[in-house]
Amino acid sequence: MHAAWTVKHKPRTLSAVVGNRETIEKFRSWVESWSKRIPKKRAAFLYGPPGVGKTVCVEALSHDLNMELVEKNASDYRTAEMVQRFAGLASQYGTLFGSRRLVLLDELDGVTGTADRGGIRAVIAVAKDAQCPVVLIANNSYNPRFATLRRYCLLIEFKKPTVLQVVKHLKRVCAGEEIEAEERALKFIAERSGRDVRSAVNDLQALAQGRNRLTYENVAWLSSRDRKEVIFSVMKTIFYSRSCAEAKRAVDATDVDPDMLFQWVYENVPYQLTHPSDLVKAMEALSQADLYRGRIRRTRNWKLMRYVYDFMTAGVAMAREKTKPSGWVPYRFPQRIRWLGQTKGERQMRSAIGMKIKRKCHVSSIVAVKEILPYIRIIFENNTQMRADIAKWLDLDDAMVEYLAHAKTRYLKQ
Amino acid sequence: MSYEMWAEKYRPQTLSEMVNQKEIVERLESFVKTKNIPHCIFAGPPGTGKTTAALCLTRDLYGTGYREHLMELNASDERGINVVRETVKTFARVRSIGEIPFKIMILDEADNMTGDAQQALRRTMERFTETCRFILIANYSGKIIEPIQSRCAPFRFTYLSRENQDSYLRRIIDKENVQVSDDGLDAIFEVARGDLRKTTNTLQAAASLGRPIDAETVYSVIGRANPIDVREMITLAMKGDFIGSREKLREMILKYGLAGVDIIRQIHIEIFRSGIPEKWKIKLADAIGEIDFRLIQGADEEVQLSALLARLTEAGHEMKRGV
C-alpha cells in the first residue's frame with residue numbers, strides 16, 4: 001500500500017512496456033536465439049536515457065520467457081574481483097532447477113571511474129565467454145571507457161517514448177490506484193517529466209496519492225508558465241534588491257504561497273550567493289525565518305508572519321555583499337519538494353518494516369530501522385535462502401521483500 | 001538449516017549463557033535464587049545485553065510459562081503519559097497467580113519517555129510494588145528522573161571485551177558453519193566495538209555473501225550498512241562545496257530517515273576529532289550548539305542543519321585564508 005508506484009506498477013510483462021517496440025523485438029529475438037545456439041554476440045548492451053524502460057524490459061522479458069534473472073547493480077560491484085565473482089554465474093546456461101538464466105549487469109555507468117578500469121576489463125571477459133545471455137545496461141554507451149566492450153556486444157538503443165506513450169502508462173497506474181485522472185493532467189505530467197517514465201510516475205504519485213480525482217488544476221500550479229514567471233520575478237527581486245523595502249515588496253505584489261516561496265529561496269540561495277560569508281548570512285536569515293514559522297505553528301499567532309517575510313526577503317537580499325555578479329544563473333525548482341514526493345513511499349515502507357522487526361527483535365521500530373534494517377537489506381540482496389527464511393520469520397509481505405532486495409538507490413538516481 | 005536474524009537466534013536464553021557482564025549476572029542470579037527482585041535500571045550502551053539480561057532473568061525466574069508474568073513495552077514507540085496511565089497501570093495492579101507474587105514489566109528505551117510519563121510511572125512503581133517489579137532499560141540513566149532512580153537498583157552495562165566477543169561468535173560460527181579469518185574477527189571488533197547486536201548483524205550480513213569472511217568483506221558490509229557519512233558531509237562543506245554537502249544532508253534525512261539530533265551529535269563529535277585549528281573547534285561548537293537549540297525548539301531539521309553547513313563552508317574558507 002505504501003510502496004513507491006514506480007515499483008508497484010512496474011510492467012511485469014513485455015507487452016506492458018511502453019514505447020521502443022522495435023527495439024524490444026530485437027532484444028527479444030536475440031535472447032530467444034540462445035535456445036538454438038550461442039549467438040555471435042554473447043552480450044547485449046542496452047543504452048539510453050534514464051527512465052525509458054531498459055531495466056524493466058529485461059525484467060519483463062525474463063518473466064515472459066520464464067528465465068531466472070540474476071541481477072546486479074554494477075555501482076555496487078565496481079572492482080574487478082567483484083565482477084569476476086559475478087561472472088561465475090554467467091558461465092552456465094541452465095540452472096539447477098532447469099530454468100534458463102539471464103544475467104544482468106545494471107548501471108554500468110557506475111564502473112567507469114579511473115579507479116575501476118579493472119572492472120570494465122572484467123566485464124569484457126564476461127561478455128566474451130558467457131554461456132548464457134548477458135545484458136549490460138548504461139545510460140551512455142559512447143563513453144570512451146566502453147569502446148572495447150562495445151565490440152563484443154549487440155548494441156540496442158532505447159529512445160524516449162512519446163508523450164502519448166507515457167500518458168498511456170500513467171493511465172494504467174491511475175487505473176491500478178483507482179484514481180480518475182483528466183487526460184490533460186496526465187499529459188502535463190508526461191511533458192514536464194521530459195518523457196522520463198520513472199520520473200513521470202514519481203511526479204504522479206507526489207501529486208495524486210491520497211486523491212481519487214486528479215484534475216488539470218491539481219497539477220498545473222507546479223510549473224505552468226505564468227506561475228513560473230511570477231516566482232522567477234519574485235526571486236529576482238529578492239536576490240537583487242538593494243534595500244529592505246524593495247525586497248519586502250516582492251511578496252506584496254504576488255499571491256505566492258509563503259511556504260512554496262520559502263522553498264524556492266532556500267533552494268536557490270547557494271546558487272545565487274556564492275561567496276561563503278554571503279551564504280552564511282542568507283542561510284542564517286532563512287534559519288531565523290524558519291524559527292518564526294515554528295513559533296507561529298506553536299502559538300497560532302499569525303501576526304508573527306511578518307517576521308518570516310522580513311527574514312526570507314530582506315534578510316536574504318541584504319546578505320549580498322561579496323558575491324561578484326556573474327551573469328545569469330537560472331533559478332532551480334526546489335529539489336526538496338521533489339525529494340519529499342519521491343521518498344515518501346520509501347519512508348512509509350521503512351517504518352512498516354520497522355514495525356515488523358520490532359515484533360521479533362525486542363527493539364523499538366526506530367532502532368529497528370536504523371540499526372537492523374541496513375543489515376537485512378545486505379542479506380536480502382545477496383542470499384536468496386536467507387532472504388526467504390528471514391522474510392517468513394519476520395512475516396514480511398512481497399512488497400517489503402521487493403523493497404529490501406532491490407531498493408538500491410534507484411528512485412533518487414537522477 | 002533455518003535462518004532468522006542470528007542476533008535473535010543466538011540471544012542467550014538463560015543468565016548462565018551470557019558471556020559478559022559477569023558481576024551483574026551473578027547478582028541477578030542471586031535474585032533468582034531468592035525469588036525476589038527489586039525495581040532495576042539497566043543502563044549502558046547499545047548491544048551490551050541489557051534487554052537480554054532482563055529477558056533471561058524473567059525466564060530463569062518463572063520457567064517456561066514466563067510470558068504470562070511479563071510485559072515488554074518499548075518507550076520509544078509508546079512514550080506518552082497515557083501509556084503509563086493505562087497499559088502500565090492495568091498490568092501492574094493485578095496480582096500474579098503462582099509461587100511468585102509479582103509480575104515483571106520491562107520498559108525498554110526508557111530514556112525516551114517524556115517527563116510527564118516518568119512522573120506518572122514513579123507513583124505507579126510505588127503503589128504496585130507488591131504486584132509488579134519494573135526493569136527500566138536505558139542508554140543513559142541520567143535521562144531517568146531522580147525519584148525513579150532512587151527507587152531502583154542500578155546496573156551499569158559496559159561494552160564487551162574482545163574475549164567476550166570471540167567466545168560469543170565462536171558458537172555462531174560453529175553452528176552456522178561459516179568461515180572467518182582472524183583478520184575478519186579483528187575487523188568485526190574494530191567496527192562493532194563490543195556492541196554485540198552490531199557484531200552479530202555484521203557477521204550475518206558478511207556470511208550472506210557466501211564466501212569465507214575476511215577483513216575486506218567486513219569493511220565492505222559495514223560500508224553498505226552505513227551510507228550515512230557525516231564526515232564526508234563536513235569535508236564537502238569545508239572544501240567549499242555547500243551544495244554537495246546539502247545534498248548529502250537531504251539524503252540522510254529523507255532517504256535514510258536519520259533524525260536531526262543524531263546528525264548534529266555526530267557533527268559535534270567529528271568537529272572535535274578533526275584536525276582543524278583548536279580555536280576553530282570552539283567557534284564551531286558555539287554554532288553547533290545554537291543550531292541544536294533551534295532544533296529542540298522544533299525548527300525544521302534540514303533548514304537548520306543547512307544553516308550550520310553554511311557556517312562550516314565559511315569556516316573552511318577563512319581557515320584557508322589563515323584567519
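# Exercises on a predicted two-chain model

Residues are numbered from 1 along each chain as its sequence is written, while chains are lettered from A and ligands numbered from 1 in the order in which they are written.

## Exercise 1: Confidence

Find where confidence is lowest and highest in chain B.

**Solution.** Helices (H or I, at least four residues) and strands (E, at least two) are DSSP runs, numbered from the N terminus.
- Lowest: helix 10 (residues 215-225) of chain B, at a mean of 79.
- Highest: helix 15 (residues 301-320) of chain B, at 96.
- For the complex, the predictor gives an ipTM of 0.78 and a pTM of 0.56.

## Exercise 2: A strand and its neighbours

**Solution.** Step one: burial. A residue is buried if 20 or more other C-beta atoms lie within 10 Å of its own, exposed if 12 or fewer, and partly exposed in between; C-beta atoms are placed from the backbone.

Step two: directions. A:V134, A:L136 and A:A138 point one way, A:V135 and A:I137 the other.

Step three: pairing. Two strands pair if DSSP finds at least two bridges between them.
- Strand 1 (residues 43-47) of chain A runs parallel to strand 4 of chain A, with five bridges. Here A:F45 stands opposite A:L136.
- Strand 3 (residues 101-106) of chain A also runs parallel to strand 4 of chain A, with three bridges. Here A:L104 has A:V135 as its bridge partner.

## Exercise 3: The interface

Describe the side of chain A that touches chain B.

**Solution.** Step one: count. Residues are in contact if their C-beta atoms, placed from the backbone, lie within 7 Å. By that test, 43 residues of chain A are in contact with 45 residues of chain B.

Step two: elements. Helices 13 (258-272), 14 (276-299), 16 (335-361), 17 (365-382) and 18 (384-394) of chain A each give two or more residues. Helix 14 of chain A gives the largest share, 12 residues.

Step three: classes. This side has 23 nonpolar (Ala, Val, Leu, Ile, Met, Phe, Trp, Tyr, Cys and Pro), 10 charged (Asp, Glu, Lys and Arg) and 10 polar residues (the others, Gly among them).

Terms used. Predicted model: local features only at pLDDT ≥ 70, side-chain atom pairs only at ≥ 80, totals over all residues. pLDDT = per-residue confidence, 0-100. Contact = placed C-beta atoms within 7 Å.
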